[in-house]
Amino acid sequence: MAKLNSFSVVVVAAMLLAFVVAAEQDFNSLMLCSKKLSPDCGQEIFSDIFWQNSKPVSDYCCHSLARLGLTCHNRLFDNIVNTQHGYKSNETITRPRSVQIWNKCALVAGVVAPALK
């Protein structure tokens with residue numbers, strides 16, 4: 001019985017270690033994504049998605065978003081929605097805005113990857 005308990009402890013420890021490593025890798029990749037946008041463009045895109053500013057995302061920031069890439073854009077959006085209090089409840093409104101902004105910016109920047117629907 002003691003061996004089974006020791007084995008269980010080892011399995012749980014291994015799972016926790018894997019979770020910590022995955023979380024650290026996820027954090028590092030999010031940091032790399034966020035560094036690809038200037039603070040001004042990040043604020044402009046964030047404001048348009050989450051606060052629906054009347055000022056649309058500028059062409060300059062659209063080009064920056066296109067260089068960032070769809071994967072980083074989606075990961076940053078998901079991180080905000082899943083970790084910041086109050087944003088998850090509006091996801092049905094903000095996710096379509098995020099898609100709309102990506103599609104607009106992909107068009108402005110001439111991104112050849114398929115746009116989101």
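Predicted model: local features only at pLDDT ≥ 70, side-chain atom pairs only at ≥ 80, totals over all residues.

Colleague: How many disulfides does a search of the whole structure find?

Modeller: The search finds three disulfides. Counting bonded cysteines along the chain, their pattern is 1-5, 2-3, 4-6.

Colleague: Which residue does Cys33 join?

Modeller: Cys33 is joined to Cys72, with an S to S distance of 2.0 Å. Cys33 belongs to helix H1 (residues 2–35) and Cys72 to helix H4 (residues 70–83), so this pair ties together parts that are 39 residues apart in sequence.

Colleague: Are Cys33 and Cys72 buried or exposed?

Modeller: Both Cys33 and Cys72 are buried. Their link is left-handed, with -65 degrees about the S-S bond.

Colleague: What about Cys41 and Cys61: how far apart are their sulfur atoms?

Modeller: The sulfur atoms of Cys41 and Cys61 are 2.2 Å apart, and the two residues form a disulfide. The link of Cys41 and Cys61 is left-handed, at -80 degrees about the S-S bond. Cys41 lies in helix H2 (residues 39–51) and Cys61 in helix H3 (residues 59–68), so the pair ties together parts that are 20 residues apart in sequence. Both Cys41 and Cys61 are buried.

Colleague: And where do Cys62 and Cys105 lie?

Modeller: Cys62 and Cys105 form a disulfide, with their sulfur atoms 2.2 Å apart. Cys62 is in helix H3 and Cys105 in helix H5 (residues 91–109), so this pair ties together parts that are 43 residues apart in sequence.

Colleague: Why is the disulfide of Cys62 and Cys105 called left-handed?

Modeller: The torsion about its S-S bond is about -55 degrees, and the disulfide of Cys62 and Cys105 is therefore left-handed. Cys62 counts as buried because its relative accessibility is 0%. Cys105 is also buried, with a relative accessible area of 0%.

Colleague: Let us turn to H5. How many residues has H5, and what is its reach?

Modeller: H5 has 19 residues and reaches 26 Å from its first C-alpha to its last, close to the 27 Å expected at 1.5 Å a residue.

Colleague: Which residues of H5 are buried, and what do they pack against?

Modeller: The buried residues in H5 include Glu91, Arg97, Ile101, Trp102 and Cys105. The buried residues of H5 pack against H2, H3 and H4.

Methods: Residues numbered from 1 in each chain as written. Heavy atoms only, no water. Disulfide = S-S within 2.5 Å. Helix = DSSP H or I, 4+ residues; strand = E, 2+ residues; numbered from the N terminus. Buried < 20%, exposed > 50% of the residue type's maximum accessible area, 1.4 Å probe, protein only. Expected span 1.5 Å × (residues − 1). Contact = heavy atoms within 4.5 Å.
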